[in-house]
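Subject: Structure for you to look at

Hello,

Please find the structure we talked about below. My notes on it come after.

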Amino acid sequence: MNPGPAPEEAGDELPAVAPQLRDLRRRAGLTLEAAAARARLSPAHLSRLETGRRQPSLPLLLALARTYGTTVSELLGETPAVADPIVRAGGPGAREADGWTYWQAGGSGRGMQALRVHVPYGRGPGELVRVHPGEEWLYVLGGRLRLHLGEAEHLLDPGDSAHFDSLTPHRIAGADPGGADLLFVHTLLQSSLAGLCLGGATTTTHHR
């Protein structure tokens with residue numbers, strides 16, 4: 001789902017990510033090369049993520065979570081009580097990487113992941129073409145969002161929403177200089193199909 005190495009720029013530190021990435025890959029029985037191929041990364045880029053020399057953006061965290069059949073919360077080392085269905089305002093703090101800012105908006109360990117996200121303006125990690133199993137739903141809270149689905153381009157205003165099959169090639173970016181704020185929900189499929197779609201030759205992922 002992701003391209004080769006990105007420029008070596010330091011982002012805000014996400015301290016739990018690097019050790020979690022190593023542990024999850026080893027628990028999955030994958031070599032660095034095999035895991036990188038599934039996540040559409042170069043081995044060198046994945047190695048930098050595992051050693052903390054690169055910080056992953058939200059789209060990359062989603063790709064890695066699907067690669068290892070887990071959740072973004074587990075990648076971040078978060079262990080909130082799964083029995084509590086309520087996520088309070090002012091709860092888990094904001095995370096930021098490569099211009100994306102996001103907050104937990106749902107419980108961990110679920111088949112459906114919910115986040116509140118600030119998407120930056122212009123080209124960046126969010127403008128990678130994505131293809132993976134599952135469904136996605138988003139609702140624009142503020143700003144305008146540019147959404148590409150297949151060959152179609154949509155401009156979403158506050159109050160607009162989109163619900164689509166994630167096997168449709170898609171990418172998003174803020175359409176205004178101030179970026180866009182949205183609620184984002186996606187299903188996390190843990191199946192052999194997910195692995196095939198992430199690592200197979202038919203997956204299309206590239207910069208646009």
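Residues are numbered from 1 along each chain as its sequence is written, and side-chain values use heavy atoms, with hydrogens and water left out.

Confidence

pLDDT is the predictor's confidence in each residue, from 0 to 100. The protein has an average pLDDT of 74, and 73% of the residues score at least 70. Confidence is highest in S6, with a mean of 95, and lowest in helix H6 (residues 192-199), with a mean of 28. Two stretches stay under 50: residues 1-15 and residues 189-208. In the model, residues 1-15 have 50 contacts (heavy atoms within 4.5 Å) beyond four places in sequence, and residues 189-208 have 41. Where pLDDT is low, the predicted coordinates should not be read in detail.

Core

The largest nonpolar core has 37 residues. Such a core is a set of buried Ala, Val, Leu, Ile, Met, Phe, Trp, Tyr and Cys residues joined through side-chain atoms within 4.5 Å; buried means under 20% relative accessible area, exposed over 50%, and partly exposed in between (1.4 Å probe, protein chains only). The members that touch the most others are Leu41, Leu46, Leu64, Tyr68, Val117, Leu138 and Leu145. Helix H4 (residues 58-67) gives the largest share, 6 residues. The core lies between domain 1 (16-76) and domain 2 (95-187), because both give residues to it; the domain bounds come from an automatic or database domain assignment. Leaving out residues up to four places away in sequence, Val117 touches residues including Leu58, Trp100, Trp103, Leu182 and Phe184.

Salt bridges

There are 3 salt bridges, each a side-chain nitrogen of Lys or Arg within 4 Å of a carboxyl oxygen of Asp or Glu.

- Arginine 25 and glutamate 50 meet at 2.6 Å, N to O. The pair links helix H1 (residues 17-27) to helix H3 (residues 43-50), 25 residues apart. Arginine 25 is buried at 11% relative accessibility, and glutamate 50 is buried at 4%.
- Arginine 144 and aspartate 176 meet at 3.1 Å, N to O. Arginine 144 is in the loop between strand S4 (135-142) and strand S5 (145-149), and aspartate 176 is in the loop between strand S8 (170-174) and strand S9 (180-187), so the pair ties together parts 32 residues apart in sequence. Arginine 144 is partly exposed, at 30%.
- Arginine 146 and glutamate 153 have their closest N and O atoms 2.7 Å apart. Arginine 146 is partly exposed at 29%, as is glutamate 153 at 46%.

Backbone details

S5 pairs with strand S6 (residues 152-156) in the antiparallel sense over 5 bridges; two strands pair if DSSP finds at least two bridges between them. Glutamate 153 in S6 stands opposite histidine 148. The hairpin of S5 and S6 has 2 residues between the strands, and glycine 150 takes a positive phi near 60° there.

Arginine 40 also has a positive phi, of about 60°, although it is not a glycine. Arginine 40 sits in the loop between helix H2 (32-38) and H3 and is partly exposed, at 27% relative accessibility.

Regards

Definitions and conventions:
Predicted model: local features only at pLDDT ≥ 70, side-chain atom pairs only at ≥ 80, totals over all residues. Helix = DSSP H or I, 4+ residues; strand = E, 2+ residues; numbered from the N terminus.
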